[in-house]
Amino acid sequence: WVAALPAAHAADPIVIAHRGASGYLPEHTLAAYELAIRMGADYIEPDLQLTKDGQLVALHDDTLNRTTNAASLFAPRNGGYKVADFTLAEIKTLTVVPPAGGTAQNSYPGFTPANTRLEVPTFQEVIALARQQSALTGRTVGIYPEAKQADPLMEDRILSTLAANGYSRAADKVYIQSFSDGTLRSLDAKQQAQGTDMKLVLLGAAITPADGVGRVAVFGATGTTLLSLSEVASFADGIGLVINYAAAPLSKAFIDQAHAAGLEVHGWTFAQSDKALAAAEYQRYLEMGMDGVFSNYPDLAVAGVQAF
Ligand code: G3P
Ligand code: CA
């Protein structure tokens, strides 16, 4: 099953499948990523966590509680089933389950994924799927990994996995994202040392103080800091902005300022359980000049880009 895409499908703005087609299938599964690609997503987004034995797996949370059946297989633990406390082999025994109260079910009408087992994928498996599906669909599908921990080992593992798969340049359809400016500064330095220039994206919120000069609010472990757009541009290629930050709605003026600073602007998280609202939001922010949208409904986001 492959969505019929117009031949003129634009490469820009981009549609980033947020945790896969996570509005339709359980997040961070190979099935959700494959569906997203078949729907025409330009990039697939895995959040990354490190296992006890130093392997990168695609998971949003730092515990296995919300999205797997760990509680039914592993002995009870105080503080939850932390990913870092389990080996990859142990995590591979688990089944991914739709989160309680979540909207994603275990099937999508008319779609049979190549990998029907709902297991926690490794980063390598996500990349392999993108490569396989690129070959099948004739479109190069990008990857958009997020370093979920500010951990030098995670930085090194991300870079080494990308290198092993031939990613090295800005043109290689890869973005590395993080909420930590420290992580991105470190990745920038490591890339300079190894001679690569893959794109880096800082996650945060758009703030425009009374002086009218936009800044990026970065949510760190010790509080929120404000960085100027030129400062962000010194170590990153783009910003991934929360669109519904209560303190400061994202504006076209801010996007214009970010572009002037040389930064791409991507947005998250659009309506997660209301398809009509999500479609309207994609359209609204694309019209404001956003360069990419993280989408739980890639088919709707692709349609929005096509109509744009
Ligand atoms: O990476 C952009 C967006 O995904 C950040 O939010 O919590 O879904 O990783 P989260
Ligand atoms: Ca993410």
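Student: Let's start with one residue: is Ala 114 buried or exposed?

Tutor: This is a predicted model, where local features need pLDDT of at least 70 and side-chain atom pairs count only at pLDDT 80 or more, while totals for chains, interfaces and linings use all residues. Residues are numbered from 1 along each chain as its sequence is written, and chains are lettered from A and ligands numbered from 1 in the order in which they are written. We count other C-beta atoms, placed from the backbone, within 10 Å of a residue's own: 20 or more is buried, 12 or fewer is exposed, and in between is partly exposed. Ala 114 has 11 such neighbours inside 10 Å, so it counts as exposed.

Student: Moving on to strand β1, how many of its residues are buried?

Tutor: β1 spans residues 14-18. In a regular strand the side chains alternate between the two faces of the sheet. Here Ile 14, Ile 16 and His 18 point one way, Val 15 and Ala 17 point the other way, and all are buried. So β1 is mostly covered, and the count of buried residues, by the cut-off of 20 or more, is five of five.

Student: Over how many bridges do β1 and β13 pair?

Tutor: Two strands pair if DSSP finds at least two bridges between them. Ile 14 has Gly 292 as its bridge partner in β13, and Ile 16 stands opposite Phe 294. β13 covers residues 292-295, and its pairing with β1 is parallel, with a bridge count of four.

Student: Which helix does the chain pass through from β1 to β2?

Tutor: β2 (residues 43-45) runs parallel to β1, joined by three bridges, and His 18 stands opposite Glu 45 there. The crossover between them is right-handed, a word used when, with the strands pointing away from the viewer, the path from the first strand over the helix to the second runs clockwise. The helix on that path, residues 30-38, is α1.

Student: What covers the buried residues of α1?

Tutor: α1 has nine of its nine residues buried, among them Leu 30, Tyr 33 and Arg 38. The cover includes β1, β2, α4 (123-137) and α10 (298-307).

Student: How many residues of α10 are buried?

Tutor: The buried residues of α10 pack against β1, α1, α9 and β13. They include Pro 298, Leu 300 and Val 305. The count for α10 is seven of ten.

Student: How many residues around ligand 1 are charged?

Tutor: A residue counts as near the ligand if its C-beta atom, placed from the backbone, lies within 6 Å of it. The residues around ligand 1 include His 18, Asp 47, Glu 146, Trp 268 and Phe 294. Ala, Val, Leu, Ile, Met, Phe, Trp, Tyr, Cys and Pro are called nonpolar, Asp, Glu, Lys and Arg charged, and the others, Gly among them, polar. That gives three nonpolar, five polar and, for charged, two.

Student: Last one: over which residues does pLDDT stay under 50?

Tutor: pLDDT is the predictor's confidence in each residue, from 0 to 100. The chain's mean is 93, with 95% of residues at 70 or more, and the complex gets an ipTM of 0.98 and a pTM of 0.95. The stretch under 50, with four contacts beyond four places in sequence, is residues 7-11.

Note on methods:
Helix = DSSP H or I, 4+ residues; strand = E, 2+ residues; numbered from the N terminus. Contact = placed C-beta atoms within 7 Å.
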